[in-house]
Amino acid sequence: MTYLVIGLTALATAFLTLFSGFGLGTLLMPAFALFFPLPVAVASTAVVHGANNLLKVSLLYKEINFKVFVWFGIPAMIAAVFGALSLSYLAVVTEIYHWQWFGINFESTSLKIVLGGLILTFALFDLSPIKSRFQFNPSWL
């Protein structure tokens, strides 16, 4: 049953982001984190991201702007490698703080704090009216 819930969640969020263009990591990673350890949840989200991107390319390949791909996509792929290295570094750091609430044990690690902060920042930015003021010229790519 757990795998069915995870699979349906991944499918639904991938479908939603096909039209919106954003949100896969913001929606899916926390859902995966409910079922898996955080490094596995991040890696699983990356796999769904990759599959989702392959699907988008196969469906929309005629619309690819190759200038954007070269100036944005390739550096993004390189940055993803550094992100994965950062994840592996943060994943081995031991807990920072431990507490108990209603008989349930909780712990904070540097990875949980960093990922939680990033998700919170991106979610607040998506909800913020400031986002609409960000219009970048393609030369900034």
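Buried here means under 20% relative accessible area, exposed means over 50%, and partly exposed lies in between (1.4 Å probe, protein chains only). Helices (H or I, at least four residues) and strands (E, at least two) are DSSP runs, numbered from the N terminus.

This is a predicted model, in which local features need pLDDT of at least 70, side-chain atom pairs count only at pLDDT 80 or more, and totals for chains, interfaces and linings use all residues. Residues are numbered from 1 along each chain as its sequence is written, and side-chain values use heavy atoms, with hydrogens and water left out.

Look at α2 itself, residues 24-33. Its buried residues are Leu-24, Leu-28, Met-29, Ala-31 and Phe-32. Seen down the axis of α2, these residues fall within an arc of 165 degrees, so they line one face of the helix. The arc is taken from the directions between the helix axis and the C-beta atoms.

Now turn to the strands. Phe-102 sits in the loop between β1 (95-101) and β2 (104-109). Phe-102 is not a glycine, yet its phi is positive, at about 55 degrees. Its side is exposed or buried? Phe-102 counts as exposed, at 72% relative accessibility. One charged pair remains. A salt bridge is a side-chain nitrogen of Lys or Arg within 4 Å of a carboxyl oxygen of Asp or Glu. By this rule the count is 1 salt bridge. Glu-107 forms a salt bridge with Lys-112, with the closest N and O atoms 3.8 Å apart. Glu-107 is partly exposed, at 34% relative accessible area. Lys-112 is also partly exposed, at 37%.
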